[in-house]
Amino acid sequence: MSAWTADQLAQLLYEANAHPWESLQAALDGIEGQPHPRVAWLTTHLSVTKREYAALIAAAAGAPTPPDDAGLSALMAWEVEAVRVLTPAQLAARLTHAGADLSVADLIRLNARHTAWHAGQIAALKPRTRMA
């Protein structure tokens with residue numbers, strides 16, 4: 001597989017984070033009333049892991065870290081723009097996550113998959129309208 005560009009990786013993250021139809025934001029926007037208790041855990045977990053990924057990328061590639069006060073929505077927007085400006089050398093930088101040797105680009109793709117996985121879980125927790 002050819003190397004992903006920063007723009008392609010930013011687009012992938014945007015789609016997992018904020019695409020209007022199938023994304024984390026779309027799943028969250030679809031919740032009305034009192035959300036399932038697991039939604040709070042999932043959104044907190046995503047905030048923590050996105051910050052962890054940003055810290056690993058910053059250490060490996062000399063990239064910035066997100067503002068300390070950014071909530072999940074701001075964090076999602078921040079990371080898309082932060083990825084967009086990474087150089088090919090920064091994307092190729094190596095790091096270790098969960099015992100695996102990865103490039104920065106690999107971790108960004110993992111971030112998108114992780115986000116999409118949990119977006120699906122959140123969407124599945126949305127109350128369904130009963131059809132008779």
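Predicted model: local features only at pLDDT ≥ 70, side-chain atom pairs only at ≥ 80, totals over all residues.
Trainee: Start with Lys 50. Which residue does Lys 50 form a salt bridge with?
Mentor: Glu 79. The closest N and O atoms are 2.5 Å apart.

Trainee: Where do Lys 50 and Glu 79 sit in the chain?
Mentor: Lys 50 is in helix 3, residues 37-61. Glu 79 is in helix 4, residues 72-84.

Trainee: What about Glu 79, buried or exposed?
Mentor: Glu 79 is buried as well, with a relative accessible area of 6%.

Trainee: OK, next one. What does Arg 84 pair with?
Mentor: Arg 84 meets Glu 81 in a salt bridge, 3.5 Å from N to O. Both residues lie in helix 4. They are three residues apart, about one turn of the helix.

Trainee: How exposed are Arg 84 and Glu 81?
Mentor: Arg 84 is partly exposed at 31% relative accessibility. Glu 81 is partly exposed too, at 45%.

Trainee: Which residues are linked with them in a network?
Mentor: Asp 7 joins Glu 81 and Arg 84 in a network of salt bridges.

Trainee: Moving on to Asp 106. Which residue is its salt-bridge partner?
Mentor: Arg 109, with the closest N and O atoms 3.5 Å apart.

Trainee: How far apart are Asp 106 and Arg 109 along the helix?
Mentor: They are three residues apart in helix 6, residues 104-125, so about one helical turn separates them. Asp 106 is partly exposed at 25% relative accessibility. Arg 109 is partly exposed at 21%.

Trainee: Change of topic. At what angle do helix 1 and helix 4 pack?
Mentor: About 170°, with the axes 7 Å apart. Helix 1 covers residues 6-18.

Trainee: Parallel or antiparallel?
Mentor: Roughly antiparallel, because angles over 145 degrees count that way.

Trainee: Is the crossing left-handed or right-handed?
Mentor: Helix 1 passes helix 4 in a right-handed crossing.

Trainee: Which residues make the contact?
Mentor: From helix 1, Ala 6, Asp 7, Leu 9, Ala 10, Leu 13, Tyr 14 and Asn 17. From helix 4, Met 76, Glu 79, Val 80, Val 83 and Arg 84.

Trainee: Now Thr 115. Where is Thr 115, and is it buried or exposed?
Mentor: Thr 115 is in helix 6. Thr 115 is buried, with a relative accessible area of 0%.

Trainee: What does Thr 115 touch?
Mentor: Ala 16, Asn 17, Leu 24, Leu 46 and Lys 50, not counting residues up to four places away in sequence. Lys 50 is also the salt-bridge partner of Glu 79.

Trainee: Last one. What is phi of Ala 98?
Mentor: Near 50°, a positive value in a residue other than glycine. Ala 98 is in the loop between strand 1 (94-97) and strand 2 (100-103).

Trainee: Buried or exposed?
Mentor: Ala 98 counts as exposed, at 74% relative accessibility.

Note on methods: Residues numbered from 1 in each chain as written. Heavy atoms only, no water. Salt bridge = Lys/Arg side-chain N within 4 Å of Asp/Glu carboxyl O. Helix = DSSP H or I, 4+ residues; strand = E, 2+ residues; numbered from the N terminus. Buried < 20%, exposed > 50% of the residue type's maximum accessible area, 1.4 Å probe, protein only. Axes fitted to C-alpha atoms, helices over the stretch in contact; angles between N-to-C directions. Parallel < 35°, antiparallel > 145°, perpendicular 65-115°, else oblique. Left-handed = near helix turned anticlockwise from the far one by under 90°. Contact = heavy atoms within 4.5 Å.
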